[in-house]
Amino acid sequence: MKLSQRLCVIFSVLFTVFLVICFVENELKSSDLTEGENSAHGRQHFIFHRRFLNRDENSKISAEAPNHPMNVIPLPPKSSNKKNVSTTTTVSTTKEPRDEFLDLRKYTTLNPNFRQYMEWPPYFRLPKHNPTLADVLKVRIRPNMTNWEKFHLQISKYYLFPENSKVVEDLMHDMATQKIIGVEQLPGGTQLKLILTMEDGAKALFKPMRFPREVETLPNHFYFTDFERHVSEIASFHLDKLLGLRRTPPCVGRKVNISEELYPLVEPDLHKTFFISPAGNVCFHGQCTYYCDTSHAICGDPHMLEGSLSIWLPPRNVLERKPIRSPWRRSYNKRRKAAWETDSFYCVNQVKTVAPYDHGRRLYDLMDLHIMDYLTGNMDRHHYDEVQNFGNDSALIHLDNGRGFGKHSHDEFTIILPLLQCCVIRLSTFNRLYSFHVGPKRLSDLMRESMANDPVAPVLIEPHLKALDRRVANVLECISSCVKVNEPAGVLLDDVLDFPFFRNMTIKIVPD
């Protein structure tokens, strides 16, 4: 082939490649424009849905909420410079600049006239009578009862335990120090859990540590294949208490000696799964649906094993309760999404129209639960427990919090979508979140103080504590967006029954 012919062939190939690149680039631009032209169906919920799901985790939402459905904030470009990323974890002593959400401040109890923005009647009245399990069973709490028995009898209609309960403090101390006299594996489940019995007869659910606190969830792992974390159970209990919910069973950390405290007491089937690893550590894997084999064994160091102990609730024939499937349950499928993940009006059309979410406290209880799950990063909320001893307006029980705090560098906005879709929240919950954000102590400080005395402290590493503050701000952004669209009276349920007590005793909000 002559030189001129070769040049012609090379030129033709280059020209063809250029045309292909131009065509692909044009198609991508067209698809972007088409995606931005979807209708908002006459309301702003869809816009907020898009703006939260399509934004970078460090970007800010505009304070405006225009009515034009095309006004969707594009995803900002991510920086490709990875040279400045540090692998060391340090505690920053400088305060980062943050949005004070002054537009929300007038709706908080910091404003003496906050009720002028609320609808009539001025506040939501729950029945003042808050019966306990002791009242229902007609049993008197006696001094010679164990702390475990006292805790059970103090479970009430609205809370699992009273505020600042001395019984809970004593019970957690018992769980962390008393001699273990019984060990059995919890049947069912995808991962190994043990039921430990203490010398006073109290029982607790033990979730062992599988890997160090610094290890994050692998990027390619789905939420339903991630390991449960014992520190998530402990931290979720403290977060639930700081939020004023008190619906999570008390949980405390403990270090046990596998060879001396567990091995002599286990059942024969579990006994057969114990072995010594090549590193000389005592290990066992138990029997369960998944992750119970030699490659997923739980090992000591070499004999000591750290874990969480969650207080065992009364049996179901005493504390009558049943698991209810959450309306925002995920599909647990690698390819298929749940209906609520694709329907912006799922709450309005599918949830608010059916019992028990069409009236009463249930929908607001779920908003509290999803806010808590968002702060911890827990995507595994498929059921919640409904207590039946006290009637239909009882509070929920927040069980199984082990899949939180898996990623401190990522905020999963789909967890908070129920709040964006329903746009309702208790005024008390909103006030607590606002107080966590503006101070004088932020949520990270309060969590650090609350968990400081735990036997396995520090429970969370600093990046997870810092992520809590960032996520509180994100929740306030959601509330701000809802208020702009639906007005405060349509978003905030005024459950602050006694304003001075609520301000000075319960939340302790202090102005800047």
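Start with the S-S bond of Cys283 and Cys299. The torsion there is about 110 degrees, so this disulfide is right-handed. Cys283 sits in strand E6, and Cys299 in strand E7, so the link ties together parts 16 residues apart in sequence. The two sulfur atoms are 2.0 Å apart. Keep in mind that this is a predicted model.

Are these two cysteines buried or exposed? Cys283 is buried, at a relative accessible area of 0%. Cys299 is partly exposed, at 32%.

How many disulfides are there in total? Three.

Next, Cys347 and Cys422. Their sulfur atoms lie 1.9 Å apart. Again the torsion is about 110 degrees, so this disulfide is right-handed. Cys347 belongs to helix H10 and Cys422 to helix H12, so parts 75 residues apart in sequence are tied together. Cys347 is buried, with a relative accessible area of 0%. Cys422 counts as buried too, at 3%.

Now Cys423 and Cys482. Here the sulfur atoms are 2.1 Å apart. Which hand does this link have? Left-handed, with -75 degrees about the S-S bond. Cys423 lies in the loop between H12 and strand E12, while Cys482 lies in helix H15, so the pair joins parts 59 residues apart in sequence. Both Cys423 and Cys482 are buried.

And Cys478? That residue is in no disulfide. The nearest cysteine sulfur belongs to Cys482, 6.9 Å away. Cys478 is buried, at 1% relative accessibility.

How values were computed: Residues numbered from 1 in each chain as written. Predicted model: local features only at pLDDT ≥ 70, side-chain atom pairs only at ≥ 80, totals over all residues. Heavy atoms only, no water. Disulfide = S-S within 2.5 Å. Helix = DSSP H or I, 4+ residues; strand = E, 2+ residues; numbered from the N terminus. Buried < 20%, exposed > 50% of the residue type's maximum accessible area, 1.4 Å probe, protein only.
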